[in-house]
Amino acid sequence: ERIKMQEIDHLKSSLLKSVSHDFRTPLNGIVNMMEDLDIMFNDPDNEIPRDEAKRCISISQRAAGILVALSDDLMDYFQLKSQIFRVKYEVFSPEKLILETLKLFEEKAMAKKISLKSSVPFGDTVLVTSDPRRIRQILINLISNALKFTPDSGTIVVSAVRSNNSQIIFQVADSGIGIHPDDMRNLFKEFGTSEKSRLLNPHGVGLGLWTSYNLSLKLGGALTVESKVDVGTTFSFSVEDRQEILETEGIEGKVPDKLDTYLYTSGVMGSKELFASQVQDTDEPILNEHISISIPHAEKVTHFDSLRIDEIDDLPTCSSDNRCSEVLIVDDDPMNHIVFSRIIEREFNVKCDSAYDGSKALDLVRLKTMSSCCANYRAILVDYSMPTMSGVEFIKRLQETLTTSHPPLIFGCTGYSSEEERELLAVGAVGILPKPCSRQNLVSAFREKGLWC
């Protein structure tokens with residue numbers, strides 16, 4: 001009993017750390033983009049650059065969308081646990097829902113050179129009556145996992161098809177690392193993760209799939225999975241199209257122009273026991289071991305490859321103005337790269353390189369030491385929590401490989417956790433940048449260490 005209580009306490013602590021980390025990345029984007037806008041609008045000597053202002057607003061809106069989605073996911077988890085969950089019905093277009101959801105992941109997909117595609121054979125003319133916010137939550141969880149476990153230059157396809165008059169099937173298919181058969185039964189359990197998932201993302205607590213699975217049941221369907229190791233994974237979930245609700249409960253057939261309206265409009269509440277028959281006898285997840293659901297290729301396939309991230313560089317090179325990249329940013333989220341590189345380049349006129357995991361960062365450091373124009377980075381910013389290799393492990397390996405007499409100064413990025421700070425400082429970090437990190441905090445941290453004074 002005591003061991004069980006300790007395990008529960010550990011899981012609660014892990015959940016808190018994970019939620020804190022996930023919330024602070026979009027907050028970092030919002031805080032700094034708003035600060036940029038404030039500077040633009042309050043500088044009487046400079047004309048406000050329209051494109052730059054639009055860029056700040058776009059990043060803030062995207063970060064706000066992610067933040068709202070995280071909040072919704074957490075609220076849904078506790079509502080499901082407390083058995084007070086309600087379905088909120090609205091009329092919506094599945095195609096518009098998928099396209100707007102994919103926009104949240106454009107930057108992260110481009111950072112890994114992953115192709116994001118949508119495939120909806122019936123187009124945006126077909127309307128469905130269900131809970132679009134909860135469907136969006138499931139899609140966000142599945143797409144996020146697909147991006148995390150799909151290698152660079154991979155592919156992710158998000159699809160929707162009507163299986164019969166009352167069922168819509170959504171799929172998220174990736175060309176990722178796959179899931180071992182031994183791990184399949186644990187996927188949809190609370191705090192359940194696969195062995196490979198724990199190795200690649202040790203800070204994940206395994207609530208996303210549990211929440212998604214239970215949301216799909218509440219929506220009158222089920223979440224299933226097919227996977228082959230080193231080939232890819234396809235998650236499918238079906239939802240019931242409750243068209244009869246239009247007549248019986250009087251929902252207006254209005255389709256929102258933008259997905260953002262889904263976050264704040266409340267439809268008519270569904271019956272408390274509406275889907276009791278699907279839930280009461282189902283304790284184990286449904287796995288696609290004998291049933292294969294195939295989504296046909298649509299003629300219309302949308303590719304998300306138009307967004308440019310000019311602030312992010314892939315390789316340590318000398319620029320056309322002969323400036324060396326002097327700062328390396330190591331973080332698995334492009335939002336933090338954009339924020340930190342904007343501050344550093346504007347305040348210090350210094351170029352930044354980017355790496356999205358620890359192993360690639362180590363490669364960049366090695367290439368940098370062999371560069372003909374620049375000897376080494378002067379500063380490295382590294383996130384504490386990253387898949388594949390944590391910030392602590394990265395610093396340890398970096399210390400083992402450095403041979404230069406002037407090693408870079410390492411700054412650890414955390415979520416206001418004293419434990420994380422101690423771990424980072426113990427392995428060689430010279431400073432801590434808690435997220436959200438303001439412009440003033442980052443500039444002060446650099447100047448305290450004598451950088452570009």
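Glu35, Asp36, Glu52, Arg342, Arg346, Glu347 and Arg439 are joined in a network of salt bridges, a salt bridge being a side-chain nitrogen of Lys or Arg within 4 Å of a carboxyl oxygen of Asp or Glu. The structure is a predicted model, in which local features need pLDDT of at least 70 and side-chain atom pairs count only at pLDDT 80 or more, while totals for chains, interfaces and linings use all residues. Residues are numbered from 1 along each chain as its sequence is written, and side-chain values use heavy atoms, with hydrogens and water left out.

The structure holds 22 salt bridges. In the one between arginine 439 and aspartate 36, the closest N and O atoms are 2.0 Å apart. Arginine 439 lies in helix H14 (residues 439-448) and aspartate 36 in helix H1, so this pair ties together parts that are 403 residues apart in sequence. Helices (H or I, at least four residues) and strands (E, at least two) are DSSP runs, numbered from the N terminus. Arginine 439 is buried, at a relative accessible area of 8%, and aspartate 36 is likewise buried, at 2%; buried means under 20% relative accessible area, exposed over 50%, and partly exposed in between (1.4 Å probe, protein chains only).

Arginine 439 also meets the side chain of glutamate 347 in a salt bridge of 3.2 Å, N to O. This pair links distant parts of the chain, with glutamate 347 in helix H10 and arginine 439 in helix H14, 92 residues apart. Glutamate 347 is partly exposed, at 33% relative accessibility. Another salt bridge is formed by the side chains of aspartate 76 and arginine 134 (3.0 Å, N to O). Here the link is between helix H2 (residues 50-82), which holds aspartate 76, and helix H5 (residues 132-149), which holds arginine 134, the two residues being 58 apart. Aspartate 76 is buried at 0% relative accessibility, and arginine 134 is buried at 1%.

Five strands form an open sheet in the order S11-S10-S12-S13-S14, with parallel pairing; two strands pair if DSSP finds at least two bridges between them. Strand S11 (351-355) and strand S14 (431-434) are the edge strands, each pairing on one side only. From one strand to the next the twist averages 25°. Axes are lines fitted to C-alpha atoms, for helices over the stretch in contact, and angles run from 0 to 180 degrees between N-to-C directions. Strand S13 (residues 409-414) runs parallel to S14 and is joined to S14 by four bridges. Phenylalanine 411 stands opposite glycine 431 in S14.

Helix H10 packs on this sheet, touching strand S10 (325-330), S11, strand S12 (379-383) and S13, and its direction makes about 165° with that of S11. Contact here means heavy atoms within 4.5 Å. Helix H12 (residues 391-401) lies across S10, S12 and S13 and runs at about 145° to S12.

H10 has 15 residues and reaches 21 Å from its first C-alpha to its last, close to the 21 Å expected at 1.5 Å a residue, where the expected span is 1.5 Å times one less than the number of residues. H10 is mostly covered, with 12 of its 15 residues buried; among them are Pro334, Met335, His337, Phe340 and Phe348. The N-terminal end of H10 is capped by aspartate 333, a side-chain oxygen of which lies 2.9 Å from the backbone nitrogen of methionine 335. Asparagine 349 follows H10 and has a positive phi, near 55°.

Asparagine 336 is placed in helix H10 (residues 334-348) and is buried, with a relative accessible area of 0%. The side chain of asparagine 336 makes a polar contact with the side chain of threonine 25 at 3.4 Å. A polar contact is a pair of N or O atoms within 3.5 Å; within protein, one must be able to donate a hydrogen and the other to accept it, and residues adjacent in sequence count only if both atoms are side-chain atoms. Leaving aside residues up to four places away in sequence, asparagine 336 touches Thr25, Asn28, Asp331 and Lys435.

Arginine 24 is found in helix H1 (residues 2-41). The side chain of arginine 24 reaches the backbone oxygen of lysine 435 at 2.7 Å. Arginine 24 and cysteine 437 are 413 residues apart in sequence and 9.2 Å apart in space, C-alpha to C-alpha.
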